[in-house]
Amino acid sequence: MYLCDLHIHTNYCDGADTPEEIVLEAIQKGMSRIGFSAHSYTYFDESYCIKKDKIQAYKDEISQLKEKYNDKIEILCGIEQDFYSNERADGYDYVIGSVHYLKTGDKFIPIDLSADCLTNAVRKYYNGDFYKIAEDYFSTVAKIKNAQIIGHFDLITKFNEGFCLFDESDERYVNAYKNALDMLLKQDVIFEINTGAISRGFKNEPYPSRVILDYIRKNGGKTILSSDCHKKEALMINFDKYQSWVF
Ligand SMILES: [Zn+2]
Ligand SMILES: [Zn+2]
């Protein structure tokens, strides 16, 4: 079986393990291919991303590991490029395009930090209207360019388990994600089926939701499983359960 995971964080950003520890774990798990995807540098929030002066070291280290383990596993050097990152995303094997922040004025609002943070931001900047923030989120996602993989397409639902914040079948919400999908489906992109929020206890199912995946499938899109892991134990986590979702 071809085992692959292309959404992996290490201690170059907010992950726990070194790239080599991940490689060794992947070999042990019998994987054919892994891809590292450090969080791109964002000047407005340095808490979770790769440091600006570590970018070259990251590329160099992955490149050394590629050679060292050449006969055992295929290793790719990618980047998870935040929409508002100013860093160049060229020179990587692939790019995951992700939106983690929305911008209002000169403020960057993290949408995946905590339920409180999201709710407060909606109150303060969106008149308490969750559909408005969802519209803003998806219109930002729609503008992702130069990425091969779209990261956690409906990340805005991270704290919406059981539709506790908003109704994902509401017309405004549906229109917002469909507009973004219509834009992205014109590009040659793959949507990840991201199991990361399940393993971290935020969601019961992957991103994107099944309804969204149906729309992607009907419109000729492609998907790939990814774990968005921040520790080696979570490599390919829940892949067996969601393998049948991939198309
Ligand atoms: Zn992400
Ligand atoms: Zn990630």
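Figure 1. Tyr94 in β4 is the bridge partner of Gly78, and Ile79 stands opposite Val95 in β4. The model is predicted: local features need pLDDT of at least 70, side-chain atom pairs count only at pLDDT 80 or more, and totals for chains, interfaces and linings use all residues. Residues are numbered from 1 along each chain as its sequence is written, while chains are lettered from A and ligands numbered from 1 in the order in which they are written. Strand β3 (residues 74-82) runs parallel to β4 and is joined to it by 5 bridges. Strand β7 (residues 149-150) is also parallel to β4, with 2 bridges between them; here Gly97 stands opposite Ile150 in β7. Of the 5 residues of β4 (residues 94-98), 4 are buried, so the strand is largely enclosed by the rest of the structure. A residue is buried if 20 or more other C-beta atoms lie within 10 Å of its own, exposed if 12 or fewer, and partly exposed in between, with C-beta atoms placed from the backbone.

Figure 2. Two strands pair if DSSP finds at least two bridges between them. Helices (H or I, at least four residues) and strands (E, at least two) are DSSP runs, numbered from the N terminus.

Figure 3. Tyr173, Ala176, Tyr177, Ala180, Leu181 and Leu184 of α5 are buried. They cover an arc of only 125° around the axis, which puts them on the same side of α5; the arc is that of the directions from the helix axis to the C-beta atoms. Glu171 and Asp182, on the other side of α5, are exposed. The buried residues of α5 pack against α4 (130-141), β7 and α7 (210-218). Contact requires C-beta atoms, placed from the backbone, to lie within 7 Å.

**Figure 4. The whole protein, for orientation.** The protein has 8 helices and 9 strands. Of its 247 residues, 40% count as buried.

Note on methods. Two residues are in contact if their C-beta atoms, placed from the backbone, lie within 7 Å.
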